Amino acid sequence: MKNAVIGNNKQKANLIVLGAVPRLLYLLQQETSSTELKTECAVVLGSLAMGTENNVKSLLDCHIIPALLQGLLSPDLKFIEACLRCLRTIFTSPVTPEELLYTDATVIPHLMALLSRSRYTQEYICQIFSHCCKGPDHQTILFNHGAVQNIAHLLTSLSYKVRMQALKCFSVLAFENPQVSMTLVNVLVDGELLPQIFVKMLQRDKPIEMQLTSAKCLTYMCRAGAIRTDDNCIVLKTLPCLVRMCSKERLLEERVEGAETLAYLIEPDVELQRIASITDHLIAMLADYFKYPSSVSAITDIKRLDHDLKHAHELRQAAFKLYASLGANDEDIRKKIIETENMMDRIVTGLSESSVKVRLAAVRCLHSLSRSVQQLRTSFQDHAVWKPLMKVLQNAPDEILVVASSMLCNLLLEFSPSKEPILESGAVELLCGLTQSENPALRVNGIWALMNMAFQAEQKIKADILRSLSTEQLFRLLSDSDLNVLMKTLGLLRNLLSTRPHIDKIMSTHGKQIMQAVTLILEGEHNIEVKEQTLCILANIADGTTAKDLIMTNDDILQKIKYYMGHSHVKLQLAAMFCISNLIWNEEEGSQERQDKLRDMGIVDILHKLSQSPDSNLCDKAKMALQQYLA
């Protein structure tokens, strides 16, 4: 059987259909079977697992994993190795759930103990770990069972395969895990610290796979806070190694992995972004990611060419990701990226690609570039970027919507020339729709974009926003559990209630509800920033001509303003002062009655007290207000 199935998928499928798997598993588990027979069974099962994904599914359905794990308790090394080899093949298949490794709590410690048995147990067990470690829970289990100590010394093994699998283990253990990363920094192997061993492994004379994986280990340790971003091993070793991986000479997978890892490394750090942008002409080098496979590449290997054509979209995604990281903070880098040949056209094309991953990366890249005021005014306008963006927003998955709506917020800033055409293309309805999303990030972006849209806008736009949003929805957002949503909604209200005619117009139609909302927030358990924004909204209302009366006739609100004038927090005192100043301003009709009413409430006494305040800003405002009484 073994000789029939090796390298022959058809024969493998035949044997599975004929019911060989349950029989082999039966023999494997029979106590009366000899060790040689059990080992042969494990080898045949391993060969069947090497076939298609359907083969692996058939093996899983027959409960092969518990049977093989049981086999690891045998004293015979050859049999153990055959079981591990088969387990390795099954666990590296995408159809196998990783959880199966963790169901029985005794398995991980037993595998750790088997690590010392032979170079084959080391290779297979490390490979199983690196494939089955997905997320913090798995990392913690492996870490608590001594993975770091047990695997570290394998990095100096004489077998390249063992070194490589150990290295891969460390990259998945350290990813986004401060606890593991902090431990790794201090681990010694033969008197050398782990980071130094990783640095040796990313030198140019090492195999590419090893260079890339050790660069990943150092990148993940850096991002988890265990290595500083200005450490030489990052700036002089890891970063240049990853840039090298982006060059034309590398294979497609290496270029993709290199660019994506580099994007992750430099994402939060402007200094690394600057260094990367001037290393080996990286920005121009990435432009080649869009021309792949190039006619220059020797088309000797037809299989390779076919594979690369199928995966060319991965290159585009990686390039967009890296451009997004490079341009995250620095204006000059953004300019360089945009001036790279046909860059804007490429991004715009990326927005409508069939692959969701490419679309997401293209939107991220645009979002990063849209942080630049200059680019918003120039390139974004020349290429009418808002058009494809509005299309992306029509029916995209949430992860794309979050980034695209974030970018729309930037395109709606008052200095952006795209603001007008976006309004005309039905953005108000679209954004009001986002504010009703289950996803808090989408609610925030929807309301944020509306806030930017309402800033210094004309009356018609403000009326459109209020009509589309509906007052019910506005008040739902004011009681949203997400603090960011609440803050942006208050910002929107503040922008709607600016310039006198607009304030009076909106308050004449929605005054009662707005005053109710303001009262609720000032009474609720909210932080200083929320209350400050709310008092600023009141100050805007107090600036209206007819809107003032809504405050003056509401004793409850007046008492609240008085309370906040005497608050322990200066920001709130100042905001309350603005309300009072707007109410008592002399040149306006009815100011005398308002001044008298406020004097009777004891406001003047508070103003005298505040004019002695150690805070110069507060003191000046109080003195100015008192002058209104003297004038």
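Predicted model: local features only at pLDDT ≥ 70, side-chain atom pairs only at ≥ 80, totals over all residues.
Visitor: Where do nonpolar side chains tend to be in soluble globular proteins?

Guide: They tend to be buried together. In this model, the largest nonpolar core has 230 residues.

Visitor: Which members of that core touch the most other members?

Guide: Phe 170, Leu 326 and Leu 538 do.

Visitor: What is Leu 538 in contact with, leaving aside its neighbours within four places in sequence?

Guide: Its partners include Met 515, Val 518 and Leu 522. Ile 551, Ile 557, Ile 561 and Cys 579 are also in contact with Leu 538.

Visitor: Now the rings. How many aromatic pairs does the structure hold?

Guide: Seven. One of them joins Phe 175 and Tyr 264. Their centres are 5.6 Å apart, with 45 degrees between the planes.

Visitor: Where in the chain do Phe 175 and Tyr 264 lie?

Guide: Phe 175 is in the loop between α12 (160–174) and α13 (178–185). Tyr 264 is in helix α17 (residues 252–266). They are 89 residues apart, so the pair links distant parts of the chain.

Visitor: Is Tyr 264 buried or exposed?

Guide: Tyr 264 has a relative accessible area of 16%, so it is buried. Phe 175, at 33%, counts as partly exposed.

Visitor: What else involves Tyr 264?

Guide: Ring pairs link Tyr 264 with Phe 175 and Tyr 220 in a cluster. The charged end of Arg 223 also sits over the Tyr 264 ring, 4.3 Å from its centre.

Visitor: Which residue lies over the face of Trp 448?

Guide: Lys 488, at 4.2 Å from the ring centre.

Note on methods
Residues numbered from 1 in each chain as written. Heavy atoms only, no water. Core = buried A, V, L, I, M, F, W, Y, C linked by side-chain atoms within 4.5 Å. Buried < 20%, exposed > 50% of the residue type's maximum accessible area, 1.4 Å probe, protein only. Contact = heavy atoms within 4.5 Å. Phe/Tyr/Trp six-rings, centres within 6.5 Å; stacked < 30°, edge-to-face > 60°. Helix = DSSP H or I, 4+ residues; strand = E, 2+ residues; numbered from the N terminus. Lys NZ or Arg CZ within 6 Å of the ring centre and 35° of its normal.
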